[in-house]
Amino acid sequence: MKSSTSITPSRFNLHGIWAIYKFEMARALRTLWQSLVTPVITTSLYFVVFGAAIGSRMTQVNDITYGAFIVPGLIMLSLFTQSIFNASFGIFFPKFTGTIYELLSAPISTFEIVLAYVGAAATKSIILGLMILATASLFVPIHILHPFWMITFLLLTAASFSLFGFVIGIWAKGFEELQVIPMLIITPLTFLGGAFYSIEMLSPTWRAITLFNPIVYLISGFRWSFYGTADVSVEISLAITLIFLFLCLGAVTWIFKTGYRLKN
């Protein structure tokens with residue numbers, strides 16, 4: 001492992017960043033069905049089932065048709081899971097095959113390595129999110145009141161969860177562990193975080209408990225950018241998103257400084 005562990009480079013190795021980024025994007029194109037088509041179909045099924053089964057009984061939520069109300073939650077659900085999967089598998093595979101040592105000894109800084117892998121994972125997730133948005137617009141009319149903030153929350157969420165996935169990819173010792181946190185923690189928290197309902201519909205006790213779920217703030221802020229309505233303050237949502245981003249940056253910095261699960 002190279003001696004330089006600083007995550008801030010003196011100058012960018014653009015060729016190195018582009019090589020890793022292009023390789024990761026090419027891998028997504030080679031597995032296009034798994035990377036893009038399957039998540040879009042799965043999310044469309046969510047939309048059809050929830051929109052048809054529940055939407056027929058729940059016509060509106062906060063003066064928004066139920067079908068349109070769940071669109072931001074569906075996008076966030078896919079963004080969370082796909083950002084984690086893309087980034088974790090991207091860094092885990094070279095670690096699994098042993099080629100990560102060649103990467104660590106190459107003339108490219110740790111910051112550039114993270115930027116390339118996380119950038120590619122975030123790019124794929126954002127493309128998927130926009131595809132889901134386009135698909136949803138075929139079912140219900142969608143109005144984005146705050147497009148700038150929609151893009152901001154989309155970028156911050158994709159970057160944050162891609163960094164989180166990068167940490168998981170280094171932490172995992174096997175392919176099974178790559179699925180533990182997304183399936184057993186992130187997906188349940190998303191379902192309980194207001195993706196398909198407003199937390200205002202809950203009893204005061206459960207509403208107070210739900211506010212300890214950080215996913216609530218991410219979904220609420222993203223939904224506000226669409227319809228101008230939110231379960232919590234948009235300022236708090238933005239703050240929670242930024243805190244999570246910096247926590248993941250701190251974890252990545254610590255990993256490269258200590259060589260956690262990289263040296264052996």
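**A walk through the pockets, helices and rings**

Sorted by class, the residues lining the largest pocket are nine nonpolar, nine polar and no charged ones. Here Ala, Val, Leu, Ile, Met, Phe, Trp, Tyr, Cys and Pro count as nonpolar, Asp, Glu, Lys and Arg as charged, and the others, Gly among them, as polar. The model is predicted, so local features need pLDDT of at least 70 and side-chain atom pairs count only at pLDDT 80 or more, while totals for chains, interfaces and linings use all residues. Residues are numbered from 1 along each chain as its sequence is written, and side-chain values use heavy atoms, with hydrogens and water left out.

Let us stay with empty space for a while. Rolling a probe the size of a water molecule over the atoms shows where such space is left. On a 1 Å grid over the protein atoms alone, a cavity is a set of points where a 1.4 Å probe fits but cannot get out, and a pocket is an open set with protein on both sides within 12 Å along at least five of seven lines; lining residues have an atom within 4 Å of a point. Grid points are joined across faces, edges and corners, and a volume is the space filled by probe spheres set on the points.

The largest pocket has a volume of about 450 Å³. It is lined by 18 residues, of which Pro39, Thr42, Leu77, Thr81 and Gln82 are the closest to its centre. Two or more lining residues come from each of α2 (32-54), α4 (71-97) and α8 (175-191). Helices (H or I, at least four residues) and strands (E, at least two) are DSSP runs, numbered from the N terminus.

The second largest pocket holds about 220 Å³ of space. Among its 14 lining residues, Pro214, Ile215, Leu218, Ile240 and Phe244 are the closest to its centre.

The elements giving two or more residues to its lining are α2, α4 and α6, with α2 giving the most, four residues. Helix α6 (residues 110-136) has 27 residues and reaches 38 Å from its first C-alpha to its last, close to the 39 Å expected at 1.5 Å a residue (1.5 Å times one less than the number of residues). Of these 27 residues, 19 are buried, meaning under 20% relative accessible area, with exposed over 50% and partly exposed in between (1.4 Å probe, protein chains only).

What about charges? The structure holds one salt bridge, that is, a side-chain nitrogen of Lys or Arg within 4 Å of a carboxyl oxygen of Asp or Glu. Glu24 and Arg27 form it (2.6 Å, N to O), and both residues are buried. They sit three residues apart in helix α1 (residues 14-30), so about one helical turn separates them.

Finally, the rings: a search of the whole structure finds 18 aromatic pairs. The rings of Phe191 and Phe196 have centres 5.3 Å apart and planes at 40 degrees, so the pair is tilted. Rings of Phe, Tyr and Trp (its six-membered ring) pair if their centres lie within 6.5 Å; planes under 30 degrees apart count as stacked, over 60 as edge-to-face and the rest as tilted. Phe191 is partly exposed at 26% relative accessible area, whereas Phe196 is buried at 6%.
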